[in-house]
Amino acid sequence: MAKYFSILRINWINALEYRGNALIGLFAILSGLFIEYQIWSLIFVSNNYSKITMDGVEKGYNFEQLIVFIFLSIIVGQLKSSWVTSSQMILEI
């Protein structure tokens, strides 16, 4: 019976580890989005920008377009990194 309790305990610890990883990852994504939003809103407000021009872009980006671009970039980057982590976990199992 002691064997089963030790296996149950180990599985419980592993489940908490991955759940903690997921919560930390979610916090990292949300805090990154919040920080990016605050930085760019301060840049637009303090310099009275209506658009920011960039190389290779004809009309430039207004604040809303820039925020959507940054948010999507962060989310795609996180998805890409999670695929690498998932494949590493599969290989280890």
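The exercises below treat the core, the aromatic rings, a loop residue and a surface patch.

This is a predicted model, in which local features need pLDDT of at least 70 and side-chain atom pairs count only at pLDDT 80 or more, while totals for chains, interfaces and linings use all residues. Residues are numbered from 1 along each chain as its sequence is written, and side-chain values use heavy atoms, with hydrogens and water left out.

**Exercise 1.** Determine which residues form the largest nonpolar core.

*Solution.* 
Step 1. A nonpolar core is a set of buried Ala, Val, Leu, Ile, Met, Phe, Trp, Tyr and Cys residues joined through side-chain atoms within 4.5 Å. Buried means under 20% relative accessible area, exposed over 50%, and partly exposed in between (1.4 Å probe, protein chains only).
Step 2. The largest such core has 6 residues, namely F44, I52, F63, L66, I67 and I70.
Step 3. Helix α2 (residues 63-92) provides the largest share of this core, 4 residues. Helices are DSSP runs of H or I with at least four residues, numbered from the N terminus.

**Exercise 2.** Classify the ring pair of F44 and Y49, and then that of Y61 and F69.

*Solution.* 
Step 1. Rings of Phe, Tyr and Trp (its six-membered ring) pair if their centres lie within 6.5 Å; planes under 30 degrees apart count as stacked, over 60 as edge-to-face and the rest as tilted. By this rule there are 4 aromatic pairs.
Step 2. The centres of the F44 and Y49 rings are 6.2 Å apart and their planes stand at 85°, so this pair is edge-to-face.
Step 3. For Y61 and F69 the centres are 6.0 Å apart and the planes are at 20°, so this pair is stacked.
Step 4. Ring pairs also link Y37, F44, Y49 and F63 into a cluster.

**Exercise 3.** Is F44 buried or exposed, and is N48 buried or exposed?

*Solution.* 
Step 1. F44 has a relative accessible area of 7%, so F44 is buried.
Step 2. N48 reaches 68% relative accessibility and therefore counts as exposed.
Step 3. N48 is located in the loop between α1 and α2. Although N48 is not a glycine, its phi is positive, about 55°. Most residues other than glycine have a negative phi.

**Exercise 4.** Decide whether L8 is buried or exposed.

*Solution.* 
Step 1. L8 lies in helix α1 (residues 2-46).
Step 2. The relative accessible area of L8 is 56%, so L8 is exposed.

Key
Helix = DSSP H or I, 4+ residues; strand = E, 2+ residues; numbered from the N terminus.
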